[in-house]
Amino acid sequence: MLESKDFSFFENQLKFDFKGFLIKTAGYWKWFLVSWVVAFLVAYNVNVRKEKIYKLETTIALKEENNPFFTSNTSLVFNWGGTSDQVQGLASTFRSRSHNEIVVNNLDFYIDYLSKGKYYMKDVYGDLPFQVVLDKAKPQLLKTLIKIKFINDSQFELSINFESENSDLIIYETNFSSKNKNKVGGFKGKFNFNQDINLPFLNFKLVKADFIGDYQGNEYFVKFNKFDETVSKYKEIKAVLDKNAPSIIELSLEGTNKNRVVKYLNETVNTMIKMQLDRKNQFATNTIAFIDSTLIAMEKQLKENENEVKNFSKNKDYFEINTGGQQASGKLLEYEVERDGVNRKIAYYNSLKNYLIKSVDFSKLPAPTVAGIDDPNVIQNVSKLITLSTQRSEMGYTIKNPKMFKDLDNEIEALKKVLLENISSVRISLEYDLKLVNDKISKSEATISKLPAEQQELLKINRKYDLNNEIFTSFLEKRNEANIVKAANLADIHFIDPAKDIGGGQIGPNTKVNYVLAFFLGLFIPLVAILTIFFLENTILNIEDISKLTTIPIIGIVGIKQTRSNLTVFEKQKSSLSESFRAIRSSLQFMYKKNKIEGSKTLMLTSSISGEGKTFCSINVATVFALSEKKTVIVGLDLRKPKIFDDFKIKNEIGVVNYLIGQNTLDEVIQQTHIPYLDVITSGPIPPNPSELLIGESMDELMKSLKEKYDYIILDTPPVGLVADAIELIPYVDATLYIIRQNYTKKEMVNLLNNRVQREELKNVSIVFNGFENRAKYGTGYGYGYGYGYGYGYIYGNYSSGYNDDDKPKTLLDKIKQNFRIKKWK
């Protein structure tokens, strides 16, 4: 039987006792309570010490806007685009470094405006009575708090604490960083509002707001940050495309200051609108620039022509000379205007061809219509080429996908080839037209050559002036048309909802998450500790532990004593603890009857090691027999560590040892106690050879004499796990009570007990579970009850108030004393 139990013992070690773990966990509820209190306090402190984080949004749409001034009658033809920018590309641009650099620079968002809060420096941008105006061409102190304290309405105090000799400086105009040597310590100075501050490490002025209120004595802080670091922070802006409406983009930005977030969101969209409109107007801008350069040259020619007319008219009758050849001259002027138009077309095509072959950036091409070219294929292809070239230039800052560059380059190359073919075919036609016009001009010049020389000269000068004037007027008209169309043009990007602080928007710190984490952390830490204790725990905690380790019956369960001495049964006879010993007495009597043991009975109490309550149980088992008017004697056979005499207020000067060595008689070593029917034989002086004394003939005589004199003989023996003295006494005993103490006796000691029983070194063994606390962390096993394996037992626990004199603590102080009293077991 015991062999199979030994096997199951090792098998059980490999199983996880989930029920026992839950019971044990419930017993440590105070640990969880403390852990949760600490965790929630930490979570609360984390929440109140973190700045609030807000998220605001703005929504924009990309929609083609047609120019109302661009009609079929407009002589200039431009590429007004539309939704040529893909929405995805626009979203990427909002997150690009180059775009955010422009926005940060426009807003000076590398400047922090702070005030000291209870737990952190608070960003107070937008709620300040002043603004910093930088001289961006001069150095500014980097990453250092600059304190500004209002003295009065016109003055403020500026102070800086230099912690080292070298300070970092930055020039924002060039984004150049440098070092500055300064004295360690504080710098302080008084300045006026709107006064230029020119220091080796600071160059700015403070502009006071129109209405600042009562800010006298208030302190603020200004800090200059690195430009690139600031840009990197704002590159975190999110651009999300609407799934249901692909042309709509929602921009969102997170930050600790709503005013700053709102300002940045609106500015980034406005900057994008301006950039998109500028790119959309690039074709018109190129055309206007080309016309302006042409007008400057022609204005000079017109002045030269006027001077020629004036010089020719000196000392001559201008009206008389000008009366002849008007018809022929008008015809010739018409042919020359036609020739100039053809020449301008040829010149444009030559310039375009040269540009296509040698250049890689085609964004500066003027409109073909400025040269009078009305070929729709050429106009459309030049427009596409400018658009693609501008788009590729912008993609260099926003997109890192080489495939998209390759696709654009292929499209540009294809357009270049088409345009070069167009130029080759058109030039043949233009050269033919030029030959025809030149022939007409030659005929007209032949007619005019018949006129007098002075008339010919005047007609030539007038034709030149009229030609240049007509061309100049034509360019002015085209320029005005281009300006009108450009001014009326609209961007394709529109606000749907500009960013605005309408309350709310807080997304952090996520206090709920922190408290949830605190809850689980407060649960997890003690749970891990308890799990560790559970796996490392090697002591007997409950009855189930004993049942798993041995088949030896449990004869009784003894609780915690509530008295100073070990005489609990005598001092509190109606207590539940006394009842537990009465239950043991009844079980022993049943066992004696079952085994047909008559006459005097000898009971031995032992344990695995010292401290398990063996002497305590011996005294109280003897007491319950004595209280039933049975003559009882306790024999102290723990010769190495005598104990039982203190509780009975008797001396240990003589005892068993004196009898065994023949110094004293039995009557001389027996000492009466104040408990009726109960005598005690103490151990006496500690001998040098305890084991030899216990196996001598004197021990036989002692036991025979005691059996003749007493009904019950209780032997208080040393632990069998430490010495073999108790084994030598087995021939004299009728039953053995083996004491196991809760949360004290090691589990391997039960295996030692099994081995001794298996070898029949102990007989009629029963277990007393001592020091039992009905606490969840130990587990209850079978509940608060008592029993044994002989088929009969007692269950105790709920006594009536009249029978149980274990009074509960009446005051809070009594409860604390009871909870924290140090229990000493002997």
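**Aromatic contacts in close-up**

**View 1. One aromatic cluster.** F109, Y113, Y125, F130, F150, F156, F191, F193, Y220, Y234 and Y264 come together as one aromatic cluster. Across the whole structure, a search finds 26 aromatic pairs (rings of Phe, Tyr and Trp, the last by its six-membered ring, with centres within 6.5 Å). This is a predicted model, in which local features need pLDDT of at least 70, side-chain atom pairs count only at pLDDT 80 or more, and totals for chains, interfaces and linings use all residues. Residues are numbered from 1 along each chain as its sequence is written, and side-chain values use heavy atoms, leaving out hydrogens and water.

**View 2. Y113 meets F130.** Ring centres of Y113 and F130 lie 6.1 Å apart with planes at 65 degrees, so this pair is edge-to-face (planes over 60 degrees apart; under 30 is stacked, and the rest are tilted). Y113 belongs to strand β2 (residues 111–116) and F130 to strand β4 (residues 130–134), 17 residues apart; strands are DSSP runs of E, at least two residues, numbered from the N terminus. Y113 is buried at 6% relative accessible area (buried means under 20%, with a 1.4 Å probe and protein chains only).

**View 3. F130 meets F150.** Here the centres of F130 and F150 are 6.0 Å apart and the planes at 45 degrees, so the pair is tilted. F150 sits in strand β6 (residues 146–150), 20 residues from F130. Both F130 and F150 are buried.

**View 4. Charges over rings.** The charged end of K631 sits over the ring of Y710, 5.7 Å from its centre (NZ of Lys or CZ of Arg within 6 Å of the ring centre and within 35 degrees of the ring normal). Likewise, R741 places its charged end over the ring of Y744, 4.7 Å from the centre.

Terms used. Helix = DSSP H or I, 4+ residues; strand = E, 2+ residues; numbered from the N terminus. Buried < 20%, exposed > 50% of the residue type's maximum accessible area, 1.4 Å probe, protein only.
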